[in-house]
Amino acid sequence: MTSRATNLLLGISTFIIGAGAIHLAQPIVAPVAFALFIIALVWPLQKRLQNHLSGLGAMAITLLLTILVVALLGYVTVWGFSQTGRWLIANAGRFQALYTETAARLEEMGLYSAGMLSDTFNASWLIRFFQGLAGRLNGMIGFVVVTLIFVMLGLLEVDIIRSKLLAEAGEKGTRLVRASAATAAKFRTYMMVRTAMSVLTGLFVWAVTAALGLDLAPAFGAIAFALNYIPFIGPLVATLLPTFFALAQFGSWETAVLVFLTMNVIQFFSGSYIEPRMAGKALSISPFLVLFAVFFWSFMWGLPGAFIGVPLVIAALTFCEEGEGTRWIARLLSGREEPVA
């Protein structure tokens, strides 16, 4: 076996072992990753407060505001899904009739196995799905509490760690501090763009579903707002959910198709036109890498991983830009067209 093949096998083995370790260490590693992400977002606020208050007072106010924002986002998300879950339970018969009718039509087309559709994907399955989702959302309270504890401790040590890196690590420490500052700036840009697009998407979805007469227009707007923070998967779910509920409410495929097309127009316009212009080149990442990050980290850490996947990629590429030997990786996966010499 050649040395190149040996190095390749070692690299694959190292990746598998490392991924397995990260997956098993999720209860500790995931809160730490989220804590570092939040610290990068809120540190400028604490730094400004420290000009007028003590370090402990500035940290307390910063942490309190962070808790309020997280609680507000969590409330909006839980409220939106709880409203749809209640409507689903109250109108379970409509969904059951819809599934039965769909199975019958597919059997008429010669798809004889379609009869299993009404037994597998029925109203009870949907109710269990929403109940399980509500349980997961409630179960994340412990995760949030642990994360906020790490945030509190981390905010007290940012200046200390930065000073030690600059004083004791020499050039490597300077580069690490520079890369960390650039990563934090990109995190803030990413969340600013994501939040703006989430608000716009939520408002558009609410307005369109209300104009079409759907019962749960405010809930669909809240769900679209929350799920837009998760690239690809979030907008897909936010598009399909109103479509299925419109089909059950009106019993018309034409109305459901209209809702589906309208939701796709909103998602396409916001994701392909507005968001790239707001983000600019600072957050330019290969779409393939974004999709891979969402699915990979969803597999590793579930719903939290789907959210944090893209920021982790942003951090990795930013640190690659600081190294001479790894800069080509950042350029390769940046999604930007490099000028030909």
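Student: How many residues does helix α8 have, and what span does it reach?

Tutor: Helix α8 (residues 170-211) has 42 residues. From first C-alpha to last it reaches 61 Å, close to the 62 Å expected at 1.5 Å a residue. The expected span is 1.5 Å times one less than the number of residues. Helices here are DSSP runs of H or I, at least four residues, and strands are runs of E, at least two, both numbered from the N terminus. This is a predicted model: local features need pLDDT of at least 70, side-chain atom pairs count only at pLDDT 80 or more, and totals for chains, interfaces and linings use all residues. Residues are numbered from 1 along each chain as its sequence is written, and side-chain values use heavy atoms, with hydrogens and water left out.

Student: What comes just after α8?

Tutor: G213, with a positive phi of about 90°.

Student: Which residue has a positive phi although it is not a glycine?

Tutor: Most residues other than glycine have a negative phi. F232 has a positive phi of about 65°. F232 lies in the loop between α9 (217-227) and α10 (233-250).

Student: Is F232 buried, partly exposed or exposed?

Tutor: F232 is partly exposed, because its relative accessibility is 42%. Buried means under 20% relative accessible area, exposed over 50%, and partly exposed in between (1.4 Å probe, protein chains only). Of the 341 residues in the chain, 38% are buried.

Student: How do I read a helix pair such as α2 and α3?

Tutor: Two packed helices are described by the angle between their axes and the distance between the axes. The axes of α2 (residues 26-49) and α3 (residues 55-90) come within 9 Å and cross at roughly 135°. Axes are lines fitted to C-alpha atoms over the stretch in contact, with angles from 0 to 180 degrees between N-to-C directions. The pair is therefore oblique. Under 35 degrees counts as roughly parallel, over 145 as roughly antiparallel, 65 to 115 as roughly perpendicular, and the rest as oblique.

Student: Which α2 residues make the contact with α3?

Tutor: I38, V42, L45, Q46 and L49. On the α3 side they meet residues including A58, I61 and L65. Contact means heavy atoms within 4.5 Å.

Student: At what angle do α12 and α13 cross?

Tutor: Roughly 130°, with the axes of α12 (residues 287-301) and α13 (residues 303-322) coming within 7 Å. α12 and α13 are therefore oblique to each other.

Student: How many helices and strands does the chain have?

Tutor: The chain has 14 helices and zero strands.
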